Amino acid sequence: MAARRAQRSWAEVSVRRRRKVLLALHDLVLEHRDEIMDLIQDENGKSRLSAFEEVLDVVLTCRYYGYAGPRLLKEKRRRGPVPVFTRTREQYAPRGVVGIIAPFNYPFSLALSDALAALLAGNAVVLKPDSQTPLSALRGLELLREAGLPEGVLQVVTGAGAEVGQEIVAQCDYLMFTGSTATGEKLAQQASARLIGCSMELGGKNPMIVADDADLDRAVEGAWAACFSNSGQLCISIERIYVHRKVADEFTRRFVARVEQMRVGPGHDWETDMGSQISPEHTDKIAAFVDDAVAHGARVLTGGRRLRELGDAFFAPTVLADVPPTADLYSQEVFGPVVYIEVVDSLDAAVDRANDTEYGLNASVWAAPRTARGVAERLHAGTVNINEGYAPAWSALDAPMGGWKKSGLGRRHGAHGLLKYTEQRNVTQTRFINLLANRLPRQKYADAMAAALQAGRRFLR
Ligand code: NAD
């Protein structure tokens, strides 16, 4: 009720004034970045650089929608059915109260960034962060209030998915969910039963392709970040590498050596490459995936074990080879620091293997630019990064981002990521005469219309 009340007043505020809140938040987040990164790291266990990615994401989102939003939300002139006699406008009204359910892995940016677009469009937002990571979202709320967001327009409700999450799904006017495919499938069914719109950002089993004309120096350096950033708990991180036979030995040797140099541990310093997993329980699941793969014949090239000397939630960055299709992690998302390498004889084989999955979130291609672009257009994925792992396509905020197949429904970023939070209204005005109920004799009216249509086919394209 409070969110609905707040939304009505917020919708009266002009878009130009609403965007000021985003631009103020941009500056506040940069100003408070150290304290925000400390909080994210303490809550989630990730490395400093991964925490900085969250700061970057929120800041870039504020800037993108802060500047592009008013243009995207402005009513558009559309072609009416009959020139001169009709005038059509497309308008965008807020949906009302948007429910956002967010996961633990990017507790600051995934809670805030989707909310920013919804708020700019004139909605109120009820946000449920993951129950393991509520503090980063609550800090985001404080900063938004400081940036000028009126009270009640964004509400953060902490608690379990089965209670708070379900209540949001039952009451909101639009649902934005980020999390696992299993939960997403269930919530999408609930949203469709209520006939409300929803956007689902779900899991992935993202492939990387290394072609024989790739720059191996860059590929090796890029691959460790693509696989192990955010401790591998990243929906768009790489869990499968298909490398061309001609460069497979060299790539594998150098990649494994680079992974073995990674610094893993807790702490706020910038030098650590990888922090912990979210919890000991999540680490158990990762260990079980690796044990199962080994039991099915996979070889551990590096890692493959818990790092108990660092804590209960640390798992070594792990590279596997010879993973058979019978192993669970061959096709299932691990959501941890585990990747396997498969050697392929051609790019066609690499593309076939990359697409042979129920997911379609992100893919990465390392190759000479022309080769890479040819491969990219054959991949079934919402984002393809050429000569990078995941960051550039994610950060290209002017373009849509989201999953094919079981990786999602709908898109974030770009025009779609904003307009999905609106109801569209087609306002068409007729001028001079009524189009249908007019005084013309009906036969004459039909003949005149037919002649107009004939002319229209030639002149109105
Ligand atoms: P999850 O589905 O278990 O939980 C996500 C959120 O949903 C949490 O806030 C949780 O409390 C809530 N939730 C759980 N059950 C619910 C229910 N029945 N009703 C309402 N809410 C419920 O996901 P997770 O394991 O915490 O997150 C990891 C998953 O998220 C991975 O699969 C990852 O790939 C995916 N992910 C996707 C993206 C993306 O943009 N596509 C981004 C980040 C994470």
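Student: How many residues does the largest nonpolar core have, and which of them have the most contacts inside it?

Tutor: First, the ground rules. This is a predicted model, where local features need pLDDT of at least 70 and side-chain atom pairs count only at pLDDT 80 or more, while totals for chains, interfaces and linings use all residues. Residues are numbered from 1 along each chain as its sequence is written, and side-chain values use heavy atoms, with hydrogens and water left out.

Now the core. It has 52 residues, and Leu25, Val29, Val125, Leu127 and Leu144 have the most contacts inside it. A nonpolar core here is a set of buried Ala, Val, Leu, Ile, Met, Phe, Trp, Tyr and Cys residues joined through side-chain atoms within 4.5 Å. Buried means under 20% relative accessible area, exposed means over 50%, and partly exposed is in between, with a 1.4 Å probe and protein chains only. Helix H4 (residues 48-73) gives the most to this core, with 10 residues. Helices (H or I, at least four residues) and strands (E, at least two) are DSSP runs, numbered from the N terminus.

Zoom in on Val29: leaving aside residues up to four places away in sequence, Val29 touches Ile36, Val55, Val58, Val59, Phe108 and Leu143. Contact means heavy atoms within 4.5 Å. There's also a second, separate core of 29 residues, with Tyr242, Val344, Ala363 and Ala367 among them.

On to the sheet. Six strands make an open sheet with mixed pairing, in the order S5-S4-S3-S6-S7-S15; two strands pair if DSSP finds at least two bridges between them. S5 (154-156) and S15 are the edge strands with a single partner strand each, so one side of each has no neighbour in the sheet. Helix H5 (residues 109-120) lies across S3 (97-101), S4 (124-128) and S6, and runs at about 165° to S4. Helix H7 (residues 161-171) packs on the sheet too, touching S3, S4 and S6, with its direction at about 160° to that of S4. For those angles, axes are lines fitted to C-alpha atoms (for helices, over the stretch in contact), and the range is 0 to 180 degrees between N-to-C directions.

S7 (residues 197-201) deserves a stop: 4 of its 5 residues are buried, so the rest of the structure largely encloses it. On one side, S6 (residues 174-178) and S7 pair in the parallel sense over 5 bridges, with Thr178 partnered by Glu201. S6, helix H8 (residues 181-193) and S7 form a right-handed β-α-β unit; right-handed means that, with the strands pointing away from the viewer, the path from the first strand over the helix to the second runs clockwise. S7 also runs antiparallel to S15 (residues 408-409), joined by 2 bridges, and there Met200 stands opposite Leu409.

Back to strand S12 (residues 338-344), where Val343 lies. Val343 counts as partly exposed because its relative accessibility is 36%. Again skipping residues up to four places away in sequence, its contacts are Val243, Arg245 and Ala248.

Ser231 sits in the loop between helix H9 (216-228) and strand S9 (238-244), and at 2% relative accessibility it counts as buried.
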